Structures are given as structure tokens and as C-alpha cells.
Amino acid sequence: MPGKRRNKGEADGGGKTTDMREAASRREASERIRDIASGIHADIVKRNARPSMKFPIRSLSNVRYDLKRGHFEILNRMSTRTLSYNTVKTFAQSMRLLAATKVDLLDKNDIAGKREIYYNSKSWGECRFDEQPESDSLLDDMEAMLGINREQLGYIPEERGGEVAGPLVVIDRNPASGETVRIDCERLGTGAWSIPSKVEHLRFESSAEFILVIETASLFQRLVHHQYYRKARCVLIAMSGVPTRACRRFIRRLADDKKLPVLAFTDGDPYGYCNIYRTLKVGSGQAAHINRFFCVPQAQYLGVTPQDIIDYKLEDATHPLEDVDVKRARDALKNDPFIRHHKEWQQALNHMLEMKVRVEQQAFAKHGLNFVLDHYLPDKLKRRTFLP
Amino acid sequence: MSPKKAAFATAESMGRSQRDISVSEFFLKNRHLLGFDNPKKALLTAVKEAVDNSLDACDEAGILPEIAVEVVQVADKRFRVSVLDNGPGIVRSQIPKIFAKLLYGSKFHRLRMSRGQQGIGISAAGMYGQLTTGNSTVIRSRTKPGNVAHHIEVQIDARQNKPVILKDAEIDWAPRFTPADVDGVPSEPIDSKHGTCVAIEMEAAYVKGRQSVDEYLAQCAIVNPHLHLHYRICLLADPAANGGGTAESAKEAAPQPAGAGWVTFRRAVQERPRQPLEIKPHPHGVELGMLIQMLKDTGAKHLKSALEQDFSRVSARAAQEICERAGLDPHARPAAIAHRESEALFNAMNNTRLMRPPTDCLSPIGEAQIIAGLKKEVQGDFFTAVTRAPEVYRGNPFQIEVGVALAGPGGGEDASGDEPVRLLRFANKVPLLYMGGACAMTKAVAGVNWKAYGLAQPRGSLPIGRAVFLVHMASVWVPFTSESKEAIAHYPEIVREITFALQECGRRLSVHMSRRRRQIELEKKHSFISLYLPHLALGLKTILGLSDKDEAAVLGRLRKMLERTHLEAG
């Protein structure tokens, strides 16, 4: 992917080049759709064969942990959807979705939400989607088939992208006038800046020394309230659960651009380790075809680790592991290529399974409300005992 | 306590009041035994007896039957039933006895399949009419083109079981049949040179439904596809007498044009049914009393020759074996066989292995004829029939036939339906409308596991479905549960044969239904596919900027493609 070229473009710095680059990427996507349609048309008219569509299989079973690149790379196992009685409806819907994407979004330089395209389909007669998950799933298929992420196709995610505060100036532009806008994330008062759904055009100025990514918004607010970012010289980012694509992409671009280390601070449970942190660092199985953009390989895990429970005497502030937690941990130990690659993570998960407890970020409040920023974080940063 | 007691009877006083009871008197009191229990059933029974006689006569004479049934309401509760046929006619001397003497006829004494068996039916109908209206039975008959026709009116002397002739005249008459109008145009009347017409007036009631005259005649038409049947019912205009019969009743009031109101059940096959042959009794089917009577009546000189001559399937060797087994002299005089000896003979006969009785005494309807009959009277898209090989119960040959008509999936109704199938029961080609629940045929149908053939079936009941099942038993002696001939007795041999025939039909039915299901499935798939293919083509058109012609070409190719691959899954 033209990641390098993009960086070069950013170095040039002009809003105009960004527009041109985006137009080129749209043209490219539009051509890809045309190619696929031509292939199907040729199947039908020239080869007189039932047409088919090919997609990479999107699941953990079809990814490899690429150490060099630092993320989950999709393998080449494909699934084929050949036109038949069973597939005719999905096939027709895919075709209309491709057509709508090309004509209404790419060629017109428009954007649409996933829910909007779901409602848009209501005018397609029998081809309409009955429920949004149907159109979402076909969008994912299309993305995988084209090898182009949906943001580049003009689809904007509905979920919130994450919140940012700290010594960082984001250089954005006014979408209407193209005029440059500077956002100082240290001067937002009691609030924070929200990561937009498209982050490719952003440029950064920062004096921070690292990025601290936090799972819960409430802890993020405590840190912002006490201006922890000043003391620690870091950019604070709240993910509110599993980070969105935009959030991951933003962290990646900021970290790459400013050469900043990234530390993750989540709840100490299998979900925090295997879903939130794993997805942040190496991407997901479901979106394996686009992980190369949406991952932060330089991320490291700060806490809360199972060892922290003992080190910070949190035993009486824990909760017993539930069945789903145990299942998730065991599943990760068995099937997750990332966990299977890192002995430290296997030890941590096994340790947790032995202790049979999980711990939340807020548990440090046991020792006082500000224990987490007065003692825990400085202590961890000093000791630098991070998990990979 | 009354001081004066009625005197007890003495043997002498009782002897003075003891006298013969004539069969006529007996049945007059017990008319329910013959099917005259209520006015509605009486009407049906009268029609049934007359039609059965006409059909028997035509079949025996080798005439393709043409029958006209007319039921006219003459007063509130009074109907006149006339049945006209093109049969061989009846000689003048026999007419009074046939129509006005109970237990008189040609069918009782012989072992041969026929509709009537006892010689009671039509005389009983006449007697019932006479009892309820006082009117005579009116018969007109002509035997040959050259001969004159006779008009005879008779009543029955119930005490003596003897006919009383009230009118006997020679007239110029020949049967004339009026077929139903075709598309509003009156048809040409059909004339016959011979035939009989019987008219009886009686107290009766006409009710439509599953046990009506209409139903009886419709079923007759199914099971006698060689019959050309005309039927007309004329009800009084009086709305009190009948609910809403306005059009028909209005016609009745005024003199009617020819052909008005007639319904014709058309003849579907031109072949006459095979003429059944008369057989002698089979030794395994005779009862002891009958055996004694036969020994007394025989013309043979020796026991052995009597066995050979008077029974079927008794060879010289078999006769010898029976005599030895019974310890009797083969040369004994048959009439001299004593009671004790006849019992030994009876046991010996039953213990000797013999060939089964001959079966040419039976005249089944035939598979093709059953299908033809069902097709013309029942709406359906699948018809099948099975005629089993003859079997034997109690030494009587019998043969079972089963037909099935399945209604098509169309008509806006649910394809499976939720009513039980309609079961039509027949014995010697006569529809059985009453007492279905007590009949071996119903039991056999309910006893088959229809779920195995794809029909829903409540436990121990008839299966569910929009289908008509026809079961026919042909036999020289049909074992009815009562004299009114409404239900077949539960002989295991009979139930088993019916079951086998039903199962064969069930297998064919299930093959047809799964084929139909596949067809429906295929059509559903086709319409599903044609719903979405245009969208696929439209998508391609939008992306590639195809012309309308190209789009149509793509669509055409896709349609062919999916048809060619038979819509396989994948």
C-alpha cells in the first residue's frame, strides 16, 4: 500500500495534494469495482459460466502473526461465492451494493454511514436488506474482495472514534473551505478532542514523550482532570472498549509520525488483554484484510497485569472470573496467533486462570482516588515492566 | 289390587292365537331392517333398490345401461320415485311377483356376483309405499321391439306375501330418456325399444348431503362408468315444504319443457363389464344345515358323485378322500346320510385340502374403469387404482379394488387440506352410504399407516387430505352386517386384502406427492431466482454502463444458466 507515498505527501504539507491523492484513491477503487464487474460479465456472456466472487476468509484461522510487520497478516485462503439458488439473493445484493458504492459514493465524492446505506437499500425492491447486520456483513465482504478499506470507499463508521487530550496540536482542515485548522489538545478545558472517522489527512505537532491509551472513559477523565498529561508529558487517548478503526489508525499515524512509544492501560481481564489490547496492537481476525492499516505494532502493555494484583495488594478488590472469561482465555491460549507467539502473554493468562480473578482499572481507588496517577502509573513507567 | 284378575292363558287358548307370520308382515313391522327407518332414508332406499335391479338386469342381458331416475315431490311429505331403464324388460307373468312378493327373485339361489342378493328390496319399497300412501306400485315394461308393452299396477297382500293385481293393460309404450341440456340447448331424447319403468309413491323426505339420492347416484356413476344416467328432482314451490328451492319449484308448478332440470352422468367407457359366471358352492364355504339340504336335494345317486357334481373344486380323488376321512361309503345314497354322519362329512370336507373356488364368478370394475369413473366425477390431478387378485373367505371368492383421486394443489385452497379424506365404499358396485363407522372398509383405511405415505393421520382415524378413496368389494356373497346392506363385516381375510390394496395405492400416492412437492419446490426456486437476477443484471449495467440490450442479454444468459444446472444447491 502506498503508505510511504502518503507520508511523502504529508511532508509536502499542502491540502491540495491531499485532495488529489484522495481523488486518485477513489478512481482506483472505482476501477477495482469495474474490474470485478467486468470479470463477472465476462463469465456470464463470454465463458457462459456461472459467475463467482472471491473473498479472503476473514477469521482468526486465516491470519498469521507477521513479526516483521508487527500485525496479523491475512493468509490466502479464499471463499468463493458462486451464483446458485442459494446465493442468488446475496449475489444480487452485492452487485447492487458495488454499483451504489461506485456510482453514488466514489464517482460523486460522497460519503455514507453503514446505516444510511442500509436505508438506501430500501429502494432496491426485493434486494433490500431486512436488517442492518446483513448490509454490514456484505460491506465487509466487499471491502475484503476489493482489498480497499471502506473508509476509502466513502463509508464512514457510526461509532465514536475515541478521545484525545494532552500536549498535541492536530492540524486539520475545514471540510468546506479547505482552510487549515489547528487544534491544541492541551487547551480544551475540561473536555477532549474526538478522533474523526477519517484521519489520513491529519498532521501533528507534539512535545509528548509517549502515548497512553486508556480503556475506560472515566479513568481518562480523572487523568485529564488532574492534568496528568502535563506531569507525565504524554498524549492521553480514551478508547471506550475495543478501539475503532479510526482510533487505531490515529494512534498509529501519530506514533509513526512523532516516533512515540505507545502504552496501553486496560482492565485486567481476558477481554482487556485478548480483545482490546490485541486488536489495538495487531488487528482483528474479522478485519484481517485491512489490519496493515489499522494496527499499532509499537504498542506495549502497561497494565493491569495479574502480577499487579499481587504487587499492589488488590486481591480484595477483584472479581471472580466468569465462565465467559475462562472460555475467552482458554480460547486465546489455543487459537490466537498473537498470544501463542508471546510466552509472556501465555504466562499472564495462565497466571490469571490460576488466580481465578479479574481486576478493573478503577480498583486502585482502594488505596485512594488518586493512587493510580500518584503511585501506580509513575511506578510502572519507572520500572518499565511492560508486556509485549 | 283389582279383585278381578285377567285369566291366565292355557295351552289351548294360546294355541288358538298361534299362527303363521308371513315375511311380509315381519318386515312391515321391522322395516328398519330393510332400510326404511326414516323418510329420508326411505327415499334413498327406494331409488337404490330400483337402480340396482335395473343395472343387474342390463349387465346380465349384456346391454349398456341407460337409466333415468326422477324424484317428484307430490305433497309436503310425499314423493313419487320413477326409475326407467333400457334393460331387457320383464315378462308379464313375472311382473307381479317381482314387484309385490318378498323373497322372490333369481339371485338368491345362485352363487354369482350381482348387486341384489335376496329378492327383498324392490318389493319392500313397494310395500312401504303402499303402507304410507295406499298407492300401488306402477310398472311398465316392454321386452322386445315387436312385443306390446304392459302396464301393471300391483299391491302386496302382506299377510300372505302375495301380489294383488289392480290393473293389467297392454299399452303402446317404449322407454324414452331425456339427457341434460348441453350449454342451454336441449339434447335429443334417446329412445329404447325395450326396458322397464317402475314408479312408487311414498312418504319420504328429501335432504341433500352425503347420504342423499344425489350422492348415491353420483357414486353409482363413478363405480359404473359404463352407465349413462339421467336424474331429475322436482320439489314443490311451497317455501314451508322446502327452504329455498325457488327456480326448480317454479318450473314444477308450470308444465315443464322437455329436458328441464335433468342432470346427466355421462358414460365414460363403452365396454360392458365381464359377465360373471355362476359357480357351485365351495365345500369350505358351506354350513352344516346347507350341506344336509344339498344332500337331500341332489340328483346324484351316490355320495361321491354328489360331492363331485354339486360342489366346485371337488375332483374324483378329492371326493374319495372326503368319504374316507368321514368314514362313509362313497356309494351311499346321499339322501340316506344321517344327521350324525353328515356332521362327520362336514368336518371331513373342511379338513381336506382343496383348490380355491373359481373366480370367474366375479366381475371386478377394473383399474382402468375405476380411474375413468373417478376422473369424470371427481376433480383431481392424480388418479390411481388397484384391483387385487381374487381371494377367499369362508369358501366365498371375493376381490378387492381400491381407487384414489387426489385433488390438485390449486383452487386457492390449502394443498394439504385439513378434512379427512372422503371414503366411498362399494359392495358389488353398489354405493354404501350409511354406517361407515361399522364397516370393515373404514377400519382397513384407518388401520393403514398413512404417515408412511405422506398423509397426516390422527391416531386410528382416516387420513387427512383433499383426496377421495374408493374401496370396492366384489363377491358372490358380500358379508353385510345387516339386511339393510350398509356395512361389511370384519372378516380378517377381507380387511387384509383391503389393506394390501390401500398400501399399494399409498405407495403410488406418495411417489406422486413427492414428485409434486419437488415440482412446487422447483417452481418456488424459479420464481425466487427470477426475483433477483434482474437486480444482478441491473448492478452490472450500472457499473459497466451496459446498454439495455446488453442487460437483457446478461439476464437471458443467467436465466438459462440456472435452469441448466437444475438449480443445484451450492
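Biologist: What percentage of the 388 residues of chain A count as buried?
Modeller: A word on the source: this is a predicted model, where local features need pLDDT of at least 70, side-chain atom pairs count only at pLDDT 80 or more, and totals for chains, interfaces and linings use all residues. Residues are numbered from 1 along each chain as its sequence is written, while chains are lettered from A and ligands numbered from 1 in the order in which they are written. A residue is buried if 20 or more other C-beta atoms, placed from the backbone, lie within 10 Å of its own, exposed if 12 or fewer, and partly exposed in between. For chain A, the share that counts as buried is 41%.

Biologist: How many helices and strands are there in chain A?
Modeller: Helices (H or I, at least four residues) and strands (E, at least two) are DSSP runs, numbered from the N terminus. Counted like that, chain A has 15 helices and 17 strands.

Biologist: In what order do the strands of the six-strand open sheet of chain A lie?
Modeller: Two strands pair if DSSP finds at least two bridges between them. In this sheet the pairing is mixed, and its edge strands, each pairing on one side only, are E10 (193-194) and E15 (299-303) of chain A. The order is E10-E7-E13-E12-E14-E15.

Biologist: Which residue is the bridge partner of A:Leu212 in E13(A)?
Modeller: Strand E12 (residues 210-214) and strand E13 (residues 234-238) of chain A pair in the parallel sense over five bridges. In E13(A), the partner of A:Leu212 is A:Leu236.

Biologist: At about what angle does helix H9 of chain A run to E12(A)?
Modeller: Two residues are in contact if their C-beta atoms, placed from the backbone, lie within 7 Å. Axes are lines fitted to C-alpha atoms, for helices over the stretch in contact, and angles run from 0 to 180 degrees between N-to-C directions. Helix H9 (residues 245-258) lies across E12, E13 and strand E14 (262-265) of chain A, and its angle to E12(A) is about 165°.

Biologist: Which residue in E11(A) stands opposite A:Val169?
Modeller: Here we turn to an open sheet of three strands in chain A, with antiparallel pairing and the order E9-E8-E11. Its edge strands are E9 (180-184) and E11 (203-206) of chain A. Strand E8 (residues 168-173) of chain A pairs with E11(A) over four bridges. Opposite A:Val169 stands A:Glu205.

Biologist: Which element gives the most to the side of chain A that touches chain B?
Modeller: On this interface, 27 residues of chain A are in contact with 22 residues of chain B. Helix H2 (15-45) and helix H3 (88-106) of chain A are the elements that give two or more residues to the side of chain A. With ten residues, the one that gives the most is H3(A).

Biologist: Is B:Glu401 buried or exposed?
Modeller: B:Glu401 sits in strand E13 (residues 396-406) of chain B. Leaving aside neighbours within four places in sequence, its contacts include B:Ile365, B:Val386 and B:His472. Because 25 other C-beta atoms lie within 10 Å, B:Glu401 is buried.

Biologist: What distance separates the C-alpha atoms of B:Glu401 and B:Thr387?
Modeller: B:Thr387 is among the residues in contact with B:Glu401. The two are 14 residues apart along the chain, and their C-alpha atoms are separated by 4.4 Å.
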